[in-house]
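Open the model in your viewer and keep the selection panel at hand. Each stop below says what to pick and what is there.

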Amino acid sequence: QVLLVESGGGLVQAGDSLRLSCAASGWTFSNYVMGWFRQAPGKEREFVAAITWNGGNPFYADSVKGRFTISRDKAKNTVYLQMNSLKPEDTAVYSCAADSRADVSGETVTWSEYVSWGQGTQVTVSS
């Protein structure tokens, strides 16, 4: 069972930056896809970014391309989401995800039913 613990959320103003961290433990495979999702009040959860653990290949939602950067530190078993030029519409609970059975094809990640989730961290961007 993978344990994911997020940190780094907070209240910022539009245009500011934040870096989210997701520390992973308890996994036994290296071929994971790690990702970030977010859910705003009254809305469905949406994909934000993902990265292949082995190759470090990143994937982004169109809404965050050019503003957010996902990275991973293998030595620390940690995934980061650097968020720049934040907008009020980025306000949401951000959750980390880990999936050993995700399908990566081209520029698309298809998540399996075996995704592990963190507890989430709140990001609030004021205008």
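Contact here means heavy atoms within 4.5 Å. This is a predicted model: local features need pLDDT of at least 70, side-chain atom pairs count only at pLDDT 80 or more, and totals for chains, interfaces and linings use all residues. Residues are numbered from 1 along each chain as its sequence is written, and side-chain values use heavy atoms, with hydrogens and water left out.

**Stop 1: the whole chain**

Show everything as a cartoon. The protein has 0 helices and 13 strands. Both kinds of element are DSSP runs numbered from the N terminus: helices are H or I with at least four residues, strands are E with at least two. The C-alpha atoms fill a box of roughly 40 × 30 × 30 Å along the principal axes. A compact globule of 127 residues would have a radius of gyration near 14 Å, and the protein agrees because its value is 14 Å. That radius is taken over C-alpha atoms, and the globule rule is 2.2 Å times the number of residues to the power 0.38.

Switch to a surface. The accessible area is about 6600 Å², with 45% belonging to carbon and sulfur atoms; the method is Shrake-Rupley with a 1.4 Å probe, and for residues only the protein chains shown count as cover. Of the 127 residues, 43% are buried. Buried means under 20% relative accessible area, exposed over 50%, and partly exposed in between (1.4 Å probe, protein chains only). Among contacts between residues at least 6 apart in sequence, 56% join residues at least 24 apart.

**Stop 2: the open sheet**

Select β1, β3, β8 and β7. These 4 strands form an open sheet in the order β1-β3-β8-β7, with antiparallel pairing. β1 (3-7) and β7 (68-73) are the edges; each has a single partner strand, so one side of each lacks a neighbour in the sheet. On average, neighbouring strands are turned by 15° against each other, direction ignored. Axes are lines fitted to C-alpha atoms, for helices over the stretch in contact, and angles run from 0 to 180 degrees between N-to-C directions.

Zoom in on β1 and β3 (residues 18-25). They run antiparallel, joined by 5 bridges; two strands pair if DSSP finds at least two bridges between them. Val5 stands opposite Ala23 in β3.

**Stop 3: the disulfide**

Select Cys22 and Cys96. They form a disulfide, with sulfur atoms 2.1 Å apart; the cut-off is a pair of cysteine sulfur atoms within 2.5 Å. Cys22 lies in β3 and Cys96 in β9 (residues 92-99), so the pair ties together parts 74 residues apart in sequence. The S-S torsion is about -85°, so this disulfide is left-handed. Both cysteines are buried. A search of the whole structure finds 1 disulfide.

**Stop 4: Val79**

Step to Val79 in β8 (residues 78-83). Its relative accessible area is 0%, so Val79 is buried. Beyond neighbours within four places in sequence, its contacts include Cys22, Trp36, Trp53 and Ile70.

**Stop 5: Arg67**

Move to the loop between β6 (58-60) and β7, where Arg67 is found. Is Arg67 buried or exposed? At 11% relative accessibility, Arg67 counts as buried. Not counting residues up to four places away in sequence, Arg67 touches Gln82, Met83, Asn84, Ser85, Leu86, Lys87 and Asp90.

**Stop 6: Ser95**

Finish on Ser95 in β9. Ser95 is buried at 12% relative accessible area. Leaving aside neighbours within four places in sequence, its contacts include Glu6, Trp36 and Trp117.
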